[in-house]
Amino acid sequence: VKLFGACCGACTAGAIVLNQFNMSDFKEDIFSTNIMYLPGVGPKKAELLLKELEIATFKDLLYYFPFRHIDRTRFCTVGEINPDLPYIQLCGEIVSANVEGHGRGKKRLVLRFADGTGSIDLVFFQGLAWIKEKVKPGQKYIVFGKPNVYNGQISMVHPEIDSPEAEGKNSGVFSTNINGIYSSTEKLRNGYMGNKVLVRLMLNLLNIVLHKIPETLPDYILNRYKLLSLPEALLNIHFPQTQELLDRARNRLKFDELFYIQLGILHHRAAKISVSKGLVFDRIGEHFNYFFANNLPFQLTAAQKRVIREMRQDMGSGKQMNRLLQGDVGSGKTLVALMIMLIAADNGYQSCLMAPTEILATQHFESLMQFLKEMDVKVSLLTGSTKKSVRTVLFNELAEGKTSILIGTHALIEDNVQFKNLGLVVIDEQHRFGVEQRAKLWNRYNTLPHVLVMTATPIPRTLAMTVYGDLDVSIIDELPPGRKPVTTLLFNDSKRLRVFGFLKEQIKQGRQIYVVYPLIKESEKMDYKYLEDGYESIVRAFPSPEYITVVVHGQMKAADKDFSMNLFVSGKAHIMVATSVIEVGVNVPNASVMLIESAERFGLSQLHQLRGRVGRGADQSYCLMMAGYKLSRESRKRLELMTATGDGFKIAEEDMKMRGPGDIEGTQQSGLPFKLRITDLSKDGELLEAVRKIVASILLQDPDLSHDENKVLKAGLESAAPQKDFSKIS
């Protein structure tokens, strides 16, 4: 028996299940067969696999890839071990076996293991009696596990222990010295389904299905790009015969994954473009020209000019514009959106701009009114707070075409909001709206308006090509002239008095301050600064009436929150104590300092968004991060990166490398509409770009995938559609 915990009937159960279920139990499509029918599984284990790993069918298990591979021909010595090492393999003797501790749940089995260069404890908390019975002190064993530190001593918890003679004997035709390590859970391990059992199940599965795996790519692609066949790739991802074959298997499976994602996105996009005729905005008229000549607040940057040209080209093409505008905080996205709305007005069409909060909508309205002073362009504001009498007038003016631009919140999607001729929809911080919410703005009209979605959350290029793959992407990567970079500094608590002194100097100069906390109330689980205590500290250090401090957090009543916000926006309050609720939607050019407490608690993207609340005026601004004394390596890396760069796109790329694509701010809400089993968007950008070009080339020559050589692609696309809802990307 190779695995402690892999037995207890697991091996014999496999034989029983095989006798109980014969091949007639398998579905005609063997890959959709319930996993309970796989030898070694059965109903109970099938329920556990479904609950813990979402494995329901043969195909689910086949595509459950190892997250790491270990070369079992390599051995470390005990003397070389340090806690930073990954999974390692040792060869030596069990010196002693002792059960320590008393009481149920407190006992542990400690095996002393030595190899001549030193000794280490192997610790087990479950299956103690069974393991102790099987282990023979004085005999040689191979140990495989992850070193860790407990009470200052290096040990291994629940490592695998094999006899040297057993190595490599149970893989049969799939024998290999490069072993896959599968992600597992505590419940699976408690149910005797650790890594070795998953390996055994994968062996059973491949013995059944390997020669029935259909190819998903045509021969011309396999040959042109020297890709392994799909059966070869799946065999070598689970049981690689060599490191080279493992690398080629990974490449083939990543290629497959990215290919069908891009095929779905680009095929859906082409179909949408072919049927969605767009309004033609073919003239630049008096509104745009007057604004450009008289009201432009500053010279446009080259990036702003470039994205305006891209949008003009879209809107004059006769096809509906669907464009994502990315721009860092303060890059001038609103000004670009206004100029595009003026083009719509010059062509006789109305525009609307939807923002996620009343405060942000109001700020957009006030900004546009300032930009458009002395111009004959009617701009209106509609939010949940708009009075009924005002709404009545607004709706009439909108329906009659007297209103050129309507700014608002979710109120814009109400049924009684009817435009005379809506030509352009602009959505700010678009990830805060659901797909259905956004679509309600334009689905009620016979001719689809042009759509521009904006985000101040920089999105890595690879993520933009997947999550927003069927949108054209424009990027403003320059700040307007006169904007000074925000100075970012990191402090610990010993420098608090110095920091408070600096805040008082800024207030004396007429500036305002944000102080942001990660929590509202004290937490027993997390030792972080919290707002309630922090507010009291701030009030003591900055007493009234000399200093006015307001509080804003998500648990306040809307009216109270708006009151505090308005005090600060109007300049009557010096300090705003808040949670990250202010991350989006506050524009106070006079605020020059952002103080972030327990900064290690925030992610990179969130820190960057908070920093973006300052630096909006002409004065030098500062982002001060207060952090604890004991920082993890990852936290320190995040905070040091913040002090080193103000480039939101660089920060977004690093954020994705650290946290993964599904956790990045802005993609959590929209959600990845497909599951990436093996691709890492933070590392596989080059492959993604290459695959996208290949797919685009194929669709250019064969848009309907009707050629004989592409029939396999059409079948694959149709079978992938239910799992990957590409319509939810737009």
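This is a predicted model: local features need pLDDT of at least 70, side-chain atom pairs count only at pLDDT 80 or more; totals for chains, interfaces and linings use all residues.
**View 1. A seven-stranded open sheet.**
Start with the overall layout: seven strands line up in the order β6-β7-β4-β3-β2-β5-β8, with mixed pairing, and the sheet they form is open. Strands β6 and β8 (160-162) sit at the edges, each pairing on one side only. On average, and with direction ignored, neighbouring strands of this sheet are turned by 45° against each other.

**View 2. The hairpin of β6 and β7.**
To find your way, look for Asn 148, whose bridge partner in β7 is Ser 155. Two residues lie between the strands of this hairpin, and Asn 151 takes a positive phi near 55°.

**View 3. Strands β2 and β5 side by side.**
Here strand β2 (residues 88-100) meets strand β5 (residues 140-145): the two are antiparallel, and six bridges join them. A handy landmark is Leu 90, which stands opposite Val 143 in β5. Cys 91 is partly exposed, with a relative accessible area of 30%.

**View 4. Helix α20 and its cover.**
Our last stop is helix α20 (residues 604-611), which is mostly covered, with seven of its eight residues buried. Among them are Leu 604, Leu 607, His 608 and Arg 611. If you are wondering about cysteine pairs, the model has zero disulfides, taking sulfur atoms within 2.5 Å as the cut-off.

Definitions and conventions: Residues are numbered from 1 along each chain as its sequence is written. Side-chain values use heavy atoms; hydrogens and water are left out. Two strands pair if DSSP finds at least two bridges between them. Helices (H or I, at least four residues) and strands (E, at least two) are DSSP runs, numbered from the N terminus. Buried means under 20% relative accessible area, exposed over 50%, partly exposed in between (1.4 Å probe, protein chains only). Axes are lines fitted to C-alpha atoms, for helices over the stretch in contact, and angles run from 0 to 180 degrees between N-to-C directions.
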